[in-house]
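Please look over the sequence and the model shown below before reading on. The report that follows takes the chains one after the other.

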Amino acid sequence: MSKPVQDWSARVEELSGAKLNDCYQCGKCTAGCPRAEVMDVPPTRIMRSAQTGDVLEVAKARSIWQCLSCQTCTARCPKNVEVAGVVDALRQISIETNTFSDESLKVVSFQKAFLRSVRRNGRTNETEMATDFEARYFFRRFDVANVVRVGLLGPKMIARGKMHFKLGSPVKDKALVKRIFDKCGVEL
Amino acid sequence: MAKIGVFTCWCGENIARNVDVDKVSEAIAKLPGVGCSMNYKYMCSEPGQSLIATKIRELGLTGVVVASCSPHMHLKTFRKTCELAGINPYLIEMANIREQCSWVHSDKEVATAKAIELIGMAVEKVRRNHALQPIRVPVTKRALVIGAGVAGIQAALDVASGGVEVVLVEREPSVGGKMAGLSETFPTLDCSQCILTPRMVEVGQHPNIKLMTYSEVEKVDGYVGNFKVTIRQKARYVDIAKCTGCGSCWNACPKKNKIPNSFDYNLGNRGAIYIPFPQAVPARPTIDPDNCMRLQSMKNGKELCGICAKKCQTNAINFHDEEKFVEVEVGAIIVATGYQLYSIKKEQENPRIKGYAEYGYGKYPDVVDSLQFERIISASGPTGGEPKRPSDGKTPKSVVFIQCVGSRDNAKGITYCSKICCMYTAKHTMLFKHKVHDGTASVFYMDIRSGGKMYDEFVRRAIEQDGAKYYRGRVSKIEQVMVDGERKYRCYGADTLKGTPVVVDADMVVLAGAIMPSSGVTQLAQKLSVGYNEYGFLSESHPKLRPVETNAAGVFVCGACQGPKDIPETVAQASAAAGKALIMLSQPELTREPEIATIDEKLCAACGACVKACPYQAISIEEIRDRKGNFIKKTSRVNPGLCMGCGTCVAVCPSKSADLIGFTDDQVYAQIESLADVF
């Protein structure tokens, strides 16, 4: 009961640059959040948990993956707290500690596939990204029905010009892209 | 022949919306003796008042009725109008057709009929009014200030600097009150001693201030401008005129550092002869008779110890000292008796108030109240400002602060907010963090109430810069536990912002107990005929417009005895009370409302019912004698200086010999009869 909990607050502050203690829990971030209605843990509660250091509790929450990163919370915060940055930091902690919930697996896999594609090409390649995402998701869940459903969707999308076989050309300065990823230091 | 003018006010829409004012004016004009009846949109405005004045002069009115709002609102206004127009100001009556009519009825027809009845009653009363003259009483140009904390000190200095003599009475051996024991003060964190002690020295030296420490008000006689106050000077056993404050006695006392010092809330010790703290004013010791071996042995006819007297170079110690009664005459009294903290522990003196068994205060040595924590963290305190917990003297690393202990807790019997706890708790967390850098200060609060200049910024600073951890929620209970051989206090709280329980293991717990008026304040209030509320806070005359006056004329209040308040507010209120007292004492004589009780001495049987009933002790039994001194009869007699015109004596008098000038039975019956005509 009294065992020391690791103080994640400092880590969140380091990742996000937000001053957590500045938050005075007015609720304006939740009030303006376009996704708050569907969130299991609204932004104000996320901030409170980050303040008290109980970060792993909210790292499990669906809401950090439901966030659109629209930055409305940060823009309107009366105390200039980087709320969206805190959510980003929690996503990172969630991946690092592998604490995201099963429900969020699809979102996490998608985001990873997206970033991998960008890292490789300097921009996204839809076909490569979709294949990567579906393949990795399949190997986590072995959801055959899903593979079949998605597999049948592919030709339809190609027929309507929504997806291209052409792999597209990578950006010229790939070294720059690499530097960006290196600087972020995120394992994908 | 009466010629009464009736002026009905619309009060903008307030009255006119629900009362047909034209119909009222018409109906009233028909009453016998009414010389004119008119209405106007705002009777209290300049044109409204000049309308009344013009009619008084033109028609030679003998009485005026203004039908408008409550007399509390504008009676004085219209009395002045009458006076300026040349008739006696007591020849005006107000009919309240706003609060008692238009505001409380929705049916216009009914409200109009009621307004006519109310005005008709006022017409019948004013017909029987007499010209009255205000009562004039002389003034003693001296003030008494009761209590020498920061409020009393400020009030005394202000009155004294205004050129009026002050008698400053303090029941403790030194002036300074609660503030002298504080560490640093919000929102500037300047040291309490540094800002207060110069003022303490000043009251000790001011030529217009007579300081009476270790003294209490015993009896109050007289009335506004002419109080006779008996002050009991407790036996100090030290002649403060002879004593030089050298300290030989208290350093030699065999009981030195053996008796808990109440100034340190028993966290530090003193001797049997002691000064409560080094900066005390007067810097003269006092002997505690319960702990002095000499004084105890004298009860058995022996003379033990007496070392202090032997050490004293000036023969200032007198073991045969006795309490003395001193009578002072004063014109005004300022009450500044301050506060004490609600006593938190399970057992309470007041049966209406319950304690907190769940917090273990009084049982666990390291669960302290906020005034104790002030001493623990104060540079002048028993630990010299080192934060050490009382049980084992270790430096606490984790301190839990709990706000609203008592305050806003209906189940414990206290409903009000103590107002200063949010601020001083933020201060406590800062002072603690400044001294224990790796420490944790956790605060459990319900709301943060930090209204005031630089106040909210101060609380935010505690949270944002000093890293105090604030949890919104109360603590349910505190348990003493052993964690790795360390004594800890486990606080079971909640974080309602997150919706989870919170458990904190603390080395020390500080409880921000509710502010209560000092002990004995209700007895003092009774001596002064000042009202007080259910908790004993003294009642001001009007919560907004007369905040330092009381309903007892000539008695003023300031500081926390009137309600919880912080130092800046207390000082401001003390200066306000001093200002009001000076205004009163600067008059050559005082005028009082003439609407007081009178006794028909021919009828009075001197039964004494009125004497017992009078809440102001204004009636006494006197003897009537003829010129030769032969006894004729006894009678009750009203002291016009004391009578407040409440009418209680009139109600209790069995012989109907008591009457209230301006509200005579004759007038009241006439009003009722006028109503009876309607039915």
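How many helices and how many strands does the secondary structure of chain B come to?

## Secondary structure of chain B

In this predicted model, the secondary structure of chain B comprises 18 helices and 34 strands, so that both kinds of element are found along this chain.

## Domains and extent of chain B

The domain assignment divides chain B into domain 1, covering residues 4-127, domain 2, covering 142-335, domain 3, covering 339-516, and domain 4, covering 597-661. Between the C-alpha centres of domain 1 of chain B and domain 4 of chain B the distance is 35 Å.

Taken along the principal axes, the box that the C-alpha atoms of chain B fill is roughly 95 × 75 × 40 Å. Chain B has 679 residues, of which 46% count as buried, and among its contacts with a separation of 6 or more, 69% are between residues 24 or more positions apart.

## Chain A

Turning to chain A, the secondary structure consists of 11 helices and zero strands, and the elements, read from the N terminus on, accordingly run α-α-α-α-α-α-α-α-α-α-α.

The C-alpha trace of chain A spans about 55 × 40 × 35 Å along its principal axes, and 27% of the 188 residues in chain A are buried. When the contacts in chain A with a separation of 6 or more are considered, residues 24 or more positions apart account for 64% of them.

Methods: Residues numbered from 1 in each chain as written. Chains lettered and ligands numbered in written order. Predicted model: local features only at pLDDT ≥ 70, side-chain atom pairs only at ≥ 80, totals over all residues. Helix = DSSP H or I, 4+ residues; strand = E, 2+ residues; numbered from the N terminus. Buried ≥ 20, exposed ≤ 12 C-beta atoms within 10 Å, placed from the backbone. Contact = placed C-beta atoms within 7 Å. Domains from an automatic or database assignment.
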